[in-house]
Structure formats: structure tokens, C-alpha cells
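Here is my note for a colleague who is meeting this structure for the first time. It is set out as numbered points, to be read with the sequence and the model alongside.

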Amino acid sequence: MTELITDIRRIRNGTILAVRGELDFHSAELFHRTLRELTHNPGEVLVIDLDGLEFCDSSGITGFITARHRAVDAGARVALVNVPAHTARVLNIMGLDGILPAHPTVEAALDDGTRPTGATGA
């Protein structure tokens, strides 16, 4: 089992939350605690960078939905980047790719949000 590691970095127009390791039932509370630490302002973007994500179960998917709800409630938006192929597939099967847009890079996610370019590795 690989420990979940999160890293928060504020940027000019939002926040980048990097996620590495395994996001599952055992680590979901850490992820949710991290989400509660974040503040969002209207018009900002929460970029969830999954470049180091090794495993994600339904608890992790629930965490992404929670992150989206918190961002949207604050007038911000959420974007996923560097989504592993297996996670992109699950999001697609569940129909969540429409509300959790995926981008190949952080730079693409920081765009105005009108042109999601799809998940990497899909």
C-alpha cells in the first residue's frame, strides 16, 4: 500500500492540489481533510493534478465529486489534470467526465475552462 501524499500550491487564479499515491477507503479522510483546508474565490480554478496517482477506488471518486461541489459552491470551477488511464476510464463509465473535466496539462486547465481537451492516457 502506497501512502497518499497531497501538496497544495496557490497560484494567481486558484489552487493546484497534487495527489500522489493511493486514494482509497483508507486515505479518503486525509483527502477530505485537505479539501477542507482549501478556500476558493469566485472565478478561480481548483486544479487536481493526478500525475502521481497510483490507485483510486470509489472513495477517491467521491473525493473528486466533493472537491467539485465545494469549488462550485464558492463560484469556482474544478479541473483534473494528468488523469491516469484507468481513472479516466472509470470517470467516463460513470458519466462523471462531463462534470469533472480532464486536461492533459495544468496550463490547459488554467485556460478559461471552455475547451476541455480530454483525459491523458484515455
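1. Helices (H or I, at least four residues) and strands (E, at least two) are taken as DSSP runs and numbered from the N terminus. In that scheme Gly-21 lies in strand E2. This is a predicted model, in which local features need pLDDT of at least 70 and side-chain atom pairs count only at pLDDT 80 or more, while totals for chains, interfaces and linings use all residues. Residues are numbered from 1 along each chain as its sequence is written, and side-chain values use heavy atoms, with hydrogens and water left out.

2. Taking the pairs in turn, E1 and E2 are antiparallel over 7 bridges, and they form a hairpin with 2 residues between them. Within this pair, Thr-6 has Val-19 in E2 as its bridge partner. E2 and E3, by contrast, pair in the parallel sense over 9 bridges, and E3 and E4 also run parallel, joined by 5 bridges. Val-45 stands opposite Arg-77 in E4.

3. How enclosed is strand E4? Of the 5 residues in strand E4 (residues 77-81), 4 are buried, so the strand is largely enclosed by the rest of the structure. Here buried means under 20% relative accessible area, exposed means over 50%, and partly exposed lies in between (1.4 Å probe, protein chains only).

4. Gly-21 counts as buried at 3% relative accessibility, and it stands opposite Leu-53 in E3. Leaving aside neighbours within four places in sequence, Gly-21 is in contact (heavy atoms within 4.5 Å) with Thr-2, Glu-3, Gly-52, Leu-53, Glu-54 and Phe-55. Gly-21 and Thr-66, on the other hand, are 45 residues apart in sequence and 19 Å apart in space, C-alpha to C-alpha.

5. Thr-15 is also found in strand E2 (residues 14-23), and at 1% relative accessibility Thr-15 counts as buried. Its side chain is joined to that of Arg-10 by a polar contact of 2.6 Å; such a contact is a pair of N or O atoms within 3.5 Å, where within protein one must be able to donate a hydrogen and the other to accept it, and residues adjacent in sequence count only if both atoms are side-chain atoms. Beyond its neighbours within four places in sequence, the contacts of Thr-15 include Ile-8, Arg-9, Leu-38, Val-45 and Val-47.

6. Which side chain meets that of Arg-10 in a salt bridge? The partner is Glu-44, at 2.9 Å from N to O, a salt bridge being a side-chain nitrogen of Lys or Arg within 4 Å of a carboxyl oxygen of Asp or Glu. Since Glu-44 lies in the loop between H1 and E3 and Arg-10 in strand E1, the pair ties together parts that are 34 residues apart in sequence. Glu-44 is buried, with a relative accessible area of 10%, whereas Arg-10 is partly exposed at 44%. Leaving aside its neighbours within four places in sequence, Glu-44 is in contact with several residues, among them Asn-13, Gly-14, Thr-39 and Ala-76.

7. By the same rule the count comes to 2 salt bridges. Glu-29 and Arg-36 also meet through their side chains in a salt bridge, at 2.8 Å from N to O. Glu-29 is partly exposed, with a relative accessible area of 43%, and Arg-36 is likewise partly exposed at 48%.

8. The last point concerns the surface. Val-90, Ile-93 and Met-94 form a nonpolar patch there, with about 280 Å² of accessible area together. Patches are made of residues with over 30% relative accessible area and no salt bridge, like charges being joined within 9 Å and nonpolar side chains (Val, Leu, Ile, Met, Phe, Trp, Tyr) within 5 Å; the areas come from the Shrake-Rupley method with a 1.4 Å probe, and for residues only the protein chains shown count as cover. Ile-93 is found in helix H3 (residues 85-93) and is exposed, with a relative accessible area of 59%.

Methods:
Pairing = 2+ DSSP bridges.
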